[in-house]
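Student: Could you show me how to read a structure with two chains, one feature at a time?

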Amino acid sequence: MEFGIQTRGHWTDVLAIARWAEGREDMAAVALPDHYLKSADEPEAPQWDHLVHIAALATHTSRIELMSLVSPVTFRHPATLYKMAVTIDEISGGRFTLGLGAGWMEEEFTMFGLPYPDLATRMDMYEEAMAYLRAALTPGAHGFEGTHYHLDEFDPHPHPIRLKLAGGGAGGPRARQIAARYADEYNLYATTPEAFAKVVNATRDIAVEIGRDPDEIFWSSASPGVAAKKEADYRRLLEKAAEHFDRPPDHLETRLDARGYPHGSGSKPAEMIAALEAAGCQRFYVQTFVLDADDTSTLDDMFDAYMGR
Amino acid sequence: MEFSLMTEPHLGGTYDQQLEAARWAESEGLVSFARCDHYLSGADPTPDATDAFAVLAGLARDTTEIRICVLVTPITFRHPAVIVKNATTIDQMSGGRLDLGVGTGWMDLEHQAYGIPFPDWPERWSRFEEALDYIDAAFGDDPAKFNGTHYSLDANVQPKPAAIRTIIGGSGAKRTPTLAGRRADEYNFFLCPAEQAKEKIAVMREAAGDRNVEATVMGPALVGKDENAYQERLARAASRRDTSPDDLEKRYSDNGLFVGTPDRVAESVAALEEAGVQRIYLQWLDLDDLGGMRDTVSIVRGG
């Protein structure tokens with residue numbers, strides 16, 4: 001299993017986390033979410049543009065992969081996504097993965113006046129944007145004609161060095177179709193290994209049906225990081241996470257167990273990771289939104305627990 | 001007179017070339033490094049046109065002193081929410097060094113090719129004005145509210161900019177200078193003869209009243225350190241454009257662009273200064289020829 005860290009926040013914190021990850025050879029990637037509103041309950045919390053952060057991270061790092069996990073399709077026209085992504089690809093020397101999804105936090109769209117059509121339409125837009133991006137990123141004049149987006153039949157420049165497209169979503173039939181067709185990476189939010197394997201298999205079947213090598217799809221997952229080597233440290237993290245999610249710690253723990261989010265102390269986190277790996281997951285992004293960026297000893301301990309070190 | 005460097009990377013130019021130009025401008029003490037925001041250069045799609053905000057994001061961290069500028073971003077490319085978040089993020093990472101130029105968008109070809117909606121001029125102007133209102137509201141006190149026909153905002157928008165300056169640019173004689181005078185920190189227009197510049201600036205000042213708005217121009221130079229060097233460059237440029245040196249010189253000169261030897265350029269700069277121009281963005285197109293850029297900027301500045 002490969003590991004990534006998903007972080008967010010003020011630039012200095014994001015940079016500190018990226019430098020920490022770059023310094024740990026067993027870390028594969030740094031991922032940032034794309035939201036203009038932290039949550040509906042915290043409307044005054046500052047938010048930044050994640051692609052701007054990632055472009056700047058590209059200048060400060062040299063090894064680690066950078067990822068957008070994931071960007072809601074109605075924030076930016078696919079032309080802008082293509083141009084920003086391919087510029088980040090160039091600055092980073094081919095270390096960027098652009099993730100796309102349908103968007104879900106309704107309040108951020110309504111507050112900022114961004115379009116938020118019904119889910120079926122957003123899924124249509126997500127599919128068309130993925131098709132548009134695939135056409136724009138594949139050297140040659142391909143073009144794309146959809147209901148929402150259009151790309152003339154010409155060869156857009158620059159060509160990417162090694163820009164990857166990731167699909168998000170909860171793993172429903174529509175999202176599987178889109179990932180099977182267009183995604184280099186499919187990020188499925190953490191779920192039980194059984195459910196994960198079901199989506200992997202169904203998506204691979206679709207890929208075979210449409211004549212694509214199913215091994216081309218890289219499988220990843222993400223969930224909140226609540227793990228430590230020692231039980232007392234885990235309990236402390238659980239309390240912090242419980243406060244963040246606004247629920248009692250034991251309630252949160254029950255939920256983590258029920259949903260299959262890797263967590264716990266001792267050998268449990270690594271065992272849960274191993275079960276996800278057996279279900280087909282190749283990379284796990286640990287979300288560390290509740291940790292301070294300078295608390296690298298807690299970060300190290302958490303990842304050691306997940307990695308079974 | 002103050003100077004900035006204006007580049008056009010939709011004609012090509014890697015991030016590293018843009019960075020080298022920006023670092024040189026920084027080492028020379030120029031006010032800012034500016035670049036356009038276009039996705040195509042006419043009908044030819046092959047130049048590697050990078051994204052303005054992604055490049056400025058990198059430059060925010062790879063430079064330390066110089067201001068960095070987008071001149072100008074078309075409101076057709078991005079929803080004003082995205083412009084606001086891109087700008088405030090770059091502002092914070094750069095320590096308050098972003099100059100944000102916003103315009104209506106004009107190159108229909110790039111919109112067609114990439115399928116970006118390009119409404120007619122009245123609607124683009126209306127969207128432009130609303131985008132400015134939206135951006136003003138977002139940069140102002142919370143809760144930020146704006147309710148227009150095209151855009152709406154009702155949010156706490158954090159962080160606020162530390163020191164973003166806004167630029168309104170365009171060649172028009174009336175509407176653009178009036179709008180810039182009323183609401184921008186800077187009014188920018190393309191190089192023109194000094195008497196025309198004076199008229200435009202007067203319109204802007206009239207609209208600005210007590211507001212402090214900087215008047216700037218942007219345009220190219222065709223210059224040489226002496227008559228021989230100038231004639232050589234002029235001949236090369238003329239043959240590239242398939243015209244005669246005399247015709248090209250006349251066209252440049254009639255339009256108020258910088259031509260000739262240092263003393264002649266110095267006269268043009270002095271005339272612009274007299275007309276009220278406070279800063280010149282010297283436009284340099286070919287990022288493969290940074291030597292030519294350095295020579296040209298030095299001549300115009302020295303002149």
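Predicted model: local features only at pLDDT ≥ 70, side-chain atom pairs only at ≥ 80, totals over all residues.

Student: How many helices and strands does chain A have?

Tutor: Helices (H or I, at least four residues) and strands (E, at least two) are DSSP runs, numbered from the N terminus. By that reading, chain A has 11 helices and 13 strands, and chain B has 11 helices and 12 strands.

Student: What does the radius of gyration say about chain A?

Tutor: The radius is taken over C-alpha atoms, and the globule rule is 2.2 Å times the number of residues to the power 0.38. For the 309 residues of chain A the rule gives 19 Å, and the radius of gyration of the chain is 19 Å, so chain A is as compact as a globular protein of that length. The C-alpha atoms of chain A fill a box of roughly 60 × 40 × 40 Å along the principal axes. For chain B, with 303 residues, a compact globule would have a radius near 19 Å, and the value of 19 Å agrees.

Student: Which strands pair with β1 of chain A?

Tutor: Two strands pair if DSSP finds at least two bridges between them. Strand β1 (residues 2-6) of chain A pairs in the parallel sense with β13 (residues 283-287) of chain A over five bridges, and Ile5(A) stands opposite Val286(A) in β13(A). Three bridges join β1(A) to β2 (residues 29-32) of chain A, again in parallel, with Gln6(A) opposite Ala31(A). A crossover is right-handed if, with the strands pointing away from the viewer, the path from the first strand over the helix to the second runs clockwise, and β1(A), helix α1 (residues 11-23) and β2(A) make such a right-handed β-α-β unit.

Student: In what order do the strands of the barrel in chain B follow each other?

Tutor: Eight strands close into a barrel in the order β1-β2-β3-β4-β7-β8-β9-β12 of chain B, with parallel pairing. Within chain B, five bridges join β3 (residues 67-74) to β4 (residues 98-103), and the bridge partner of Cys69(B) in β4(B) is Asp99(B).

Student: How many residues of chain B are in contact with chain A?

Tutor: Two residues are in contact if their C-beta atoms, placed from the backbone, lie within 7 Å. Here 43 residues of chain B are in contact with 40 residues of chain A. The elements that give two or more residues to this side of chain B are α2, α3, α4 and β6 of chain B.

Student: Where should I look for a cis peptide bond?

Tutor: The angle to read is omega, which is about -25° for the cis bond that joins Leu69(A) and Val70(A) and near -5° for the cis bond from Asp142(B) to Pro143(B). Val70(A) is in the loop between β3 and β4 of chain A, and Pro143(B) lies in the loop between α5 and β5 of chain B.

Student: Which residue of chain A has a positive phi without being glycine?

Tutor: Asp246(A) has a phi near 60° and lies in the loop between α8 and α9 of chain A. Asp246(A) is exposed, because 9 other C-beta atoms are within 10 Å.

Terms used
Residues numbered from 1 in each chain as written. Chains lettered and ligands numbered in written order. Buried ≥ 20, exposed ≤ 12 C-beta atoms within 10 Å, placed from the backbone.
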